[in-house]
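Subject: Structure handover

Hello,

Here is the structure for you to look through. Please open it first, then read my notes below.

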Amino acid sequence: MASSEDDPTTQHDAQILSIDAGGTMTDTFLMDSNGEFTVGKAKTTPDDESRGFIKSSQDALEDWDLSVEEGFPDLVSTVYSGTAMLNRLVERESEVDVGILITGGMEDTLRMGRGRQSYTGYSYSDRLHVNTHKHPEPLIPRNRIRGVRERIDVKGNTLVPLYEDDVRDGVNDLLDQGVDHIVVMFLHSYKNGEHEHRTAEIAREIIDERGAETSVMLSSEYYPTLKESERLNTVTAEAFAAEPSRDQLSNIQEAVDEQGGNVGVRVMASHGGTIDINANELARTLISGPIGGMIGANYFGQKLDYNNLVCTDIGGTSFDMGIIIDNDWQIDYSPEMARLLLSLPMVNMESVGAGTGSYVRVNPTFDKIELGPESAGDQVGVSAVETDVETVTVTDCHVAMGWINPENFLGGDMPIDREVAEQEIKEQIADPLDMGVYEAAQGVIDILESKLRNDLEAVVTGEGYAPSNFKCLSYGGGGPVHTAGYTKDLGFDEVLIPEWAAGFSAFGCGAADYEYRYDQTTSIDIDPDLSMEEAAATAGEALTEVWTNLEQKVENEFENSNIGRDEIEFQYNILGQYQGQLNSIDIESPVGRVDSPEKLEQLLDTFEEGYRRQYSEEARSPELGHTITQASVRGVRDVVKPEIPTEELQGPEPPADAYKETREAYWDGEWLDTEIYDLHALQPGNELSGPAVLEGAATTYALPPDCETWLDEHRVHHLTTTE
Amino acid sequence: MPESYPREHIEDLVDDNLEWNQLHDMMSDFKDADRFQQVRDVLQERVDWDDPIIIPYADHLYVVAKPDNRWVIKCDCGHEFCEHDENWKMDALINVRDSEEAYLEIYPEDMHPHPDYMELREFFCPGCNTLLEVTNVMPGYPLIHEFEPDIETFYSEWIEEPIPTAEPESA
C-alpha cells in the first residue's frame, strides 16, 4: 500500500484516522504526529461495518508495524464516513417503516416531487431529453401517508385550526400498519411549528396508550426551511435512511473502545464539518459528493495563506470542482442525493462525469470520439489485465503514450499491460477513424482536457470571478496527470499540486472541524424608512432571537458529547437580499447579536460589501430595504488536524536518487526523451522542466514540454507554463 | 454498448417489460446496429399474416409489402387500409365527440375542452374495432395526415438494407 515514506523502522504514533467505507472497499487514511501518512484497504462489511473498519485500520497500521491494539490508544481524532445511509436512499430500501402525517390535500407531495427530480443526477444528454426523464420512486408508499386538516400561511398565521381528530385517526392508522417512525410535515411549519408540536403531543399520547415504540419526528424541528418537497424528503430521509445507521455507528464506536481507543468517532457531514454519532440530525452525513477534498483545500489555504482557491479533483469517474473565497466555501442549500432534492446545507461542488476511467468510444453515427458518461471506475481500463474491462478508457491512452509507467501503477499493485492498451485503442478507436494509435490516444486526451478546461472555466467565470484572482489546486489520484492540460491558458494566478494529491480527500476528512450547523428560513424585513434604532428593536430583535434558538440547538448537540459552551466557537450567517429580490447572498455576520443599532449596522455594512463584491457597486440598492431569508449558526470545536509538512529548501537540482530513468513518451504528436523522477524523492526547492514525468505511489504527475515545476517547502508543486 | 441485444431483451422492449434502468440504459447508449431489424422480426412473428412488414407505422399498424409491389398500411388484425402514402384515417371508423354530453362520457365535469373550440376524433379499425388513434382539433379541421414515410431513403441510407418484398402470388 502507498505511504508517504519507505522506512518502516521509524516509530509512528497513529494520531488521525479517517475511514471511508465505500460500497465495496473501506479505505483508511492514517496520519502520525509528524504529518506522515499511510493508507489501508479492506472489504466493506455491510452487515456489521465495524469489522471492515477494524480490518482496514489494521491494513494501514501494518505499514507502521503496529497492531490495532497498539495503534488505537494513540488516536486523537477518528472520522468515519460510510455509504450505508446513502445506499438505503438509492435502493429505496430500509429496515424501518416510516409513516407520514401531512397537511390535508398535500398527501401526494412525495409522489409528485419536483420537476427537477425527474432528471437530477442524470448525465447532461439525459437531462436534455424528455424521454430519459423519470420521476424517482417515492421513499414512502401512499398508504402510509395520511392527511391532517390544518393550514398555516406563509406568514405563520393560522388559517385553519388543527383538526385533532384527523391526527388521532392518522396516528392510529399508521400504528395499525406497524410503522417505526411517524414523520410530521405541515405547510409553513418552519414559520410556525405549533400545529406540528400539538400533533406530536397527541401522537405520543396515543403511542403511549398503545404501548408502541414508534418515534415522532417534526419537520419544524429537524429541517425548518422553506420548500415542502425538499423539507419532506429530508425529514423522511432522516427517519428512513439515517436513523437505522445509529446502531452501526455505535458498533464502530464500541469497536474503537474495545481496541483501547480513547476517542469519540465522528462522522463527516454535508456542511463541511464532522459531527458526533449521537447527533440529532444524522441525515446530513448522507454525503454523496467528494467534499473531503474541499475541506482539505480550505484547511490547506488557511495554513499556507492562500485565500482564493479553485479546487479540482479528478478521480476514476468524475471531475469535481469547487470554489473557496476568503477561506470559505459556498453552500448549496438544496443538494441532490439519490435523485431526491434535500434541504440540507452542503458544501457546493460542481461535478461532471469525466474521469481517468471514463470509457472512450467512437460514436457510430457521427464517427466521433466520445467520452463517458460511464466509466470503469477503479477497474482502470483494458490494460489492467486482472480486471474484466472491455472498453478503452482514458488511462489506457496515457499508458499507450508512455506517460504512465505500467510497472508503477498504484505503486505496482495493479498490473498494467501496455501492449493490450495499444491493441485495443487500435481496434476500438484508431482503426474505425482511420488514425494512428498514438494520434488517436492523443486525440482522446485532448478532448478530455478541453472538456475539463471548458467546465472549469464555466465554474469560475460563470460565478463572475476572474481566474487570475485564484490559485488552482489539483488533487485526486488522476489530477496531476491532467493538470497541465486542463489549466492551460485559463490564466490562474498559480497552479498548485500537493505531493499527497492522491490522499488529499482523506487528508481533508482528517482536517475537518468538529462542527454543527443549523439553518432556519426567516422572512425578516428591514424597511428602508426605519431608523437604525427602530430596525434594531424590530428586525434586529427578531434575527437575534432566531440565532439564539439555533445557537441553543448547536449547544445541545455538543452537550450530547459532553462538550460545554465555553469550548464552542460560534459563527453566525444570514442569507440576505434587497427587498423584492429573488436570490439571496450568503453573508458571514461580524456579530452574533444585532439587537443594538451599532451591531445591526455592522451586519448591514457587511451585506453591502458582500453585494458589491459579488455584483457591483452600481447594483447595490439599499434604498429598497433588506430582507433576511435565512439565519444560520455554526458551532466549531477545536480538534487535532493533520500537519502540513514543512521542510528546508534545497537547491534547484533534484537529488541523484530522485532520477529513475529516461524513456520515450508521446507529447503533442512526437516521441520525446522524457526524464522520469520519483515524486516522493524530490526535495523542496527542486526545479524541473518538461517533458518529464514524476511518478508517485498513487499518482503520476505529467509535465509536458512547455511546462516547469518547482517544489516548495510544504511539498507542494507549483506548475508554470514557459512562454 | 452491445452491437446487438439478445432477442429476449428486444421482445421485452416491444412488450414494455423492461425495468426503467434497463430502458434508460438503452436510450442513453448509442443505438444498437440491428435494433430496427430485430424489432421488425419480433413484430412480424406476432402477426397472423405473412405479408412482410416494411416498417411499423403506428400502434397496431404496419406498412407491409404486397405481391404486386404495392406497400399498404395494414392493421395487426389483417385489415388493409390504403397505400403507404395515403391517409389511413380516411378509411377508418370515426367517432367524433363534439358535444358536452359526448365529452362527459369520458371527462369529469368542467375538465374537458369546450365543444365549440375543440372536438375529439376517435379512429377505429373497421376490421377489429380497436381504437387506433385520437386527435383533438378545431371543428372543421381536415383529417390530419400524420406520417408519410420515406421508405426508400430509410432503407438505402439509414439502415443500408434491401427493402423486404412479398413472394410473388402463386397462380
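Chain A has a mean pLDDT of 88, and 98% of its residues reach 70 or more. pLDDT is the predictor's confidence in each residue, from 0 to 100. In residues 1-9 of chain A, the pLDDT is below 50. Beyond near neighbours in sequence, this stretch has 23 contacts in the model. Two residues are in contact if their C-beta atoms, placed from the backbone, lie within 7 Å.

Some ground rules. This is a predicted model: local features need pLDDT of at least 70, side-chain atom pairs count only at pLDDT 80 or more, and totals for chains, interfaces and linings use all residues. Residues are numbered from 1 along each chain as its sequence is written, while chains are lettered from A and ligands numbered from 1 in the order in which they are written.

Now the domains, whose bounds come from an automatic or database domain assignment. Chain A has domain 1 (95-227), domain 2 (358-446) and domain 3 (513-637). The C-alpha centres of its domains 2 and 3 are 52 Å apart. Chain B has domain 1 (1-46) and domain 2 (91-137). Their C-alpha centres lie 33 Å apart.

Next, two helices in chain A. Helices (H or I, at least four residues) and strands (E, at least two) are DSSP runs, numbered from the N terminus. The axes of H17(A) (residues 532-560) and H18(A) (residues 597-614) come within 8 Å and cross at roughly 85 degrees. Axes are lines fitted to C-alpha atoms, for helices over the stretch in contact, and angles run from 0 to 180 degrees between N-to-C directions. So H17(A) is roughly perpendicular to H18(A); that term covers 65 to 115 degrees. On the H17(A) side, the residues include A:Met532 and A:Gly540. On the H18(A) side, they include A:Pro597 and A:Leu600.

What about the strands of chain B? Strands pair if DSSP finds at least two bridges between them. S5(B) (residues 93-97) and S6(B) (residues 119-124) run antiparallel, joined by 5 bridges. There, B:Ile94 stands opposite B:Phe123. S6(B) also pairs with S7(B) (residues 131-137), antiparallel, over 6 bridges. B:Phe124 has B:Leu131 as its bridge partner. S6(B) and S7(B) form a hairpin with 6 residues between them. In the turn, B:Asn129 has a positive phi of about 60 degrees.

Finally, how many residues does each chain give to the contact? Chain A gives 7 and chain B gives 5.

Best wishes

Key:
Parallel < 35°, antiparallel > 145°, perpendicular 65-115°, else oblique.
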